[in-house]
Amino acid sequence: MDTQLQELTQTETAKPGTSIQIFAPATVANVVCGFDVLGFAVNAPGDEVVMRVTDKPGISISKITGDNGRLPMDPAKNTVSVSVRHYLESIGRTDLGLDIELHKKMPIGSGLGSSSASTVAGLFAAKTLLDDQRDVAQLLPFAMKGEEMACGHGHADNVAPALMGGFVLIRSYEPLDVVRLPHPKDLWCAIVFPDVDVPTREARQIIRNKINMKDAVTQWGNVAGLVSGLFMNDIGLIGRSMKDVLVEPVRSMLIPGFYQMREQAMELGAVSFGISGSGPSVFAFTRDEQTAHNITHKLQQYLTGMKINSNAYVSTINDAGPRVI
Ligand code: HSE
């Protein structure tokens, strides 16, 4: 992967004391049938980074909130600072001093791209402070380094939509080739996070490494169907293509009541239902906002019945990606 960018010279905007606050969104990776190659961003939740230029070269982390002490403050071990450091090295600006405050506004280990949201917020903050006019997509390799640190694998299906906004296809990893896809404007997303522990690293270890031809045919038919549905604005086609015969049958075992939740969501009018990223969050597409709320309400009730706490979010697809707040 090419992580060398053209060097950026000293700019007026990166004066000590200058600071910026950035929001970056949560993302739903895989989108059921597109393991490691499809993802989209939502409006909420997301993480925030406050970044300040200091007069001492190097990256420091002065504060992390909302993580219950789970994330490392050591800049050599935190995914945000490590990604930002790679970016500064690549553009020849290791002379710069940056201090990071990370405010986690979403659950960690939720399958909603929590580490990606933080990393993207950090990278976008640094890019904005440096007034670096390059396309955000060029930050992708640095964000992927953060993912690699967080879960042992540098997949891009969370970081790419978090950075670029919207619905994104990773057509290829080597070389990296990322395509932004259109989507129906009236597609709503209902997300429920059951508070059970499913670390991405482990959720990746349990999936099969070899697949048979029959399953492969089913899967690529569905991926192509989903992408066609997005282009054609055909919500019916999107819904019937969102089936996963490769990963979901294994990972669903880690999510209590997964198939019961699917049944309830579909009965309430969901277009499709599946695992968000590596789980445990689940999501449903719907044709309207009310149906999305009905689904989150019902699934949360169901989880409460199993004595499992949960969080819920309803959103359209976020086309903007990270933003200054
Ligand atoms: N594609 C990744 C996986 C996403 O399913 O492991 C992790 O959120």
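The structure holds one cavity of 30 Å³ or more. On a 1 Å grid over the protein atoms alone, a cavity is a set of points where a 1.4 Å probe fits but cannot get out. The model is predicted, so local features need pLDDT of at least 70 and side-chain atom pairs count only at pLDDT 80 or more, while totals for chains, interfaces and linings use all residues. Residues are numbered from 1 along each chain as its sequence is written, and side-chain values use heavy atoms, without hydrogens and water.

The largest cavity contains about 70 Å³ of space. Its volume is the space filled by probe spheres set on the grid points, which are joined across faces, edges and corners. N30, V32, F35, D244, V247, E248, R251, I275 and G277 form the lining, meaning that each has an atom within 4 Å of a point. Four of these residues are nonpolar, two polar and three charged. Domain 1 (3-181 + 320-324) and domain 2 (188-316) each supply at least three lining residues. The domain bounds come from an automatic or database assignment.

The ligand takes up the space of the largest pocket. A pocket is an open set of points with protein on both sides within 12 Å along at least five of seven lines. Around the ligand are A29, N30, F35, D36, H155, D157, N158, T200, R204, R251, G277 and S278, each with a heavy atom within 4 Å of it. This shell comprises two nonpolar, six polar and four charged residues.

A polar side-chain atom of D36 lies 2.5 Å from a ligand nitrogen atom. For D157, the distance from a polar side-chain atom to a ligand nitrogen atom is 2.7 Å.

Terms used:
Polar contact = N/O pair within 3.5 Å; in protein donor to acceptor, adjacent residues only side chain to side chain. Sits in = over half its atoms within 2 Å of the grid points. Nonpolar A, V, L, I, M, F, W, Y, C, P; charged D, E, K, R; others polar.
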